[in-house]
Amino acid sequence: MPLSGLHTFSAHKDYTDARDFAVKLSEHDPLRSGKDLSGLVPKFDRDDRKELGNLVIGYGLDLRVNSVVKINDWYSRAGLTLSEQEKGYLAVYQANPSVTNARAVKANLRPLSDEPAASRLFAAVVDDFEAGFTAKFGPMAESNERAALVSLVFNRGINNSALKPLISAIQNDLRAEAWFQIRYNQTPLKNAIDPDLPPEN
């Protein structure tokens, strides 16, 4: 039985606005607010100065774990393009996510033009992510709770094994247990056990 007692939205746009705000706030709030446009270029998601983590661009589009075909499709749906050379650098990085190959992507992948371009790219990504979220968590109405959970899972990585207790709680309508998992068991685990993160050497 899916989570009950949800605070639902009457209009789809109200839900997507709440979801997008929550995800953008978590992924790159300075980009959303226009205070820092560094997210328009690829950067390491854990620590860019120390070159730790996966390369991401915009609002958390992971350039390592998503296939080049999928990334190219999202770019196309956002009205953006990737050259064959850019796709080649991404393919090499994904096959061997070394710092050297990541640096090559950073040096050769064209920056997104502006925040609206990052938002269009995010819209393409999150539309597909919603389907994966439903497959993992089960049916859930468009609600404040769904928007918050989509944001959390988007940030943690949908295949993160640390999410299993949370998924079970949601699927069994255990609201208190779900809250406990989010509050105590999920927050510190992103970098500890996220299988999407490459070796640091």
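Predicted model: local features only at pLDDT ≥ 70, side-chain atom pairs only at ≥ 80, totals over all residues.

**Entry: a bent helix.** I started with α1, which bends by about 105 degrees at E27.

I then checked the span of α1, residues 12-33. A straight helix of 22 residues would span 32 Å at 1.5 Å a residue. Between its end C-alpha atoms, α1 spans only 23 Å.

What comes after α1? I found G34, whose phi is positive, near 85 degrees.

**Entry: the buried side of α1.** Which residues of α1 are buried? I listed Y15, T16, R19, D20, V23, K24, H28 and L31. Next I asked what the buried residues of α1 pack against. My notes say β1 (43-44), α5 and α6 (144-156).

**Entry: cavities.** I searched the whole structure for cavities of 30 Å³ or more and got two. I looked into the second largest cavity, which holds about 40 Å³ of space.

Its lining is made of I57, G58, Y59, G60, L61, A118, L121, F122 and V125. Which helix gives the largest share of this lining? I noted helix α5 (residues 115-137), with four residues. I also sorted the lining of this cavity by class. Seven residues are nonpolar, two are polar and none is charged.

**Entry: A118.** I picked A118 from the cavity lining. A118 sits in helix α5. Is A118 buried or exposed? A118 is buried, because its relative accessible area is 2%, and buried means under 20%.

I listed what A118 touches, leaving out residues up to four places away in sequence. The contacts are L31, L40, G58, Y59 and L112. Of these, L31 is on my list of buried residues of α1, and both G58 and Y59 line the second largest cavity.

I also took one distance. A118 and K50 are 68 residues apart along the chain. Their C-alpha atoms are separated by 24 Å.

**Entry: a pocket.** I turned to the second largest pocket, with a volume of about 170 Å³. The lining residues are L3, N144, E145, A148, L149, I170, R175, A178, W179 and I182. I saw that α6 and α8 (175-186) each supply at least two residues of this lining. By class, the pocket lining has seven nonpolar, one polar and two charged residues.

**Entry: S143.** Where is S143? I found S143 in the loop between α5 and α6. S143 counts as buried because its relative accessibility is 0%. S143 touches L6, H7, T8, F9 and Y15, again not counting residues up to four places away in sequence. One of these, Y15, is a buried residue of α1.

**Entry: positive phi angles.** E51 has a positive phi of about 60 degrees and is not a glycine. I placed E51 in the loop between β1 and β2 (55-57). How does E51 count by accessibility? E51 counts as partly exposed, because its relative accessibility is 22%.

D173 lies in the loop between α7 (164-171) and α8.

Definitions and conventions. Residues numbered from 1 in each chain as written. Heavy atoms only, no water. 1 Å grid on protein atoms, 1.4 Å probe; cavity = no way out; pocket = protein on both sides within 12 Å on 5 of 7 lines; lining within 4 Å. Points joined across faces, edges and corners; volume = space filled by probe spheres on them. Nonpolar A, V, L, I, M, F, W, Y, C, P; charged D, E, K, R; others polar. Expected span 1.5 Å × (residues − 1). Bend = angle between axes of the 7 residues up to and from the residue. Buried < 20%, exposed > 50% of the residue type's maximum accessible area, 1.4 Å probe, protein only. Contact = heavy atoms within 4.5 Å.
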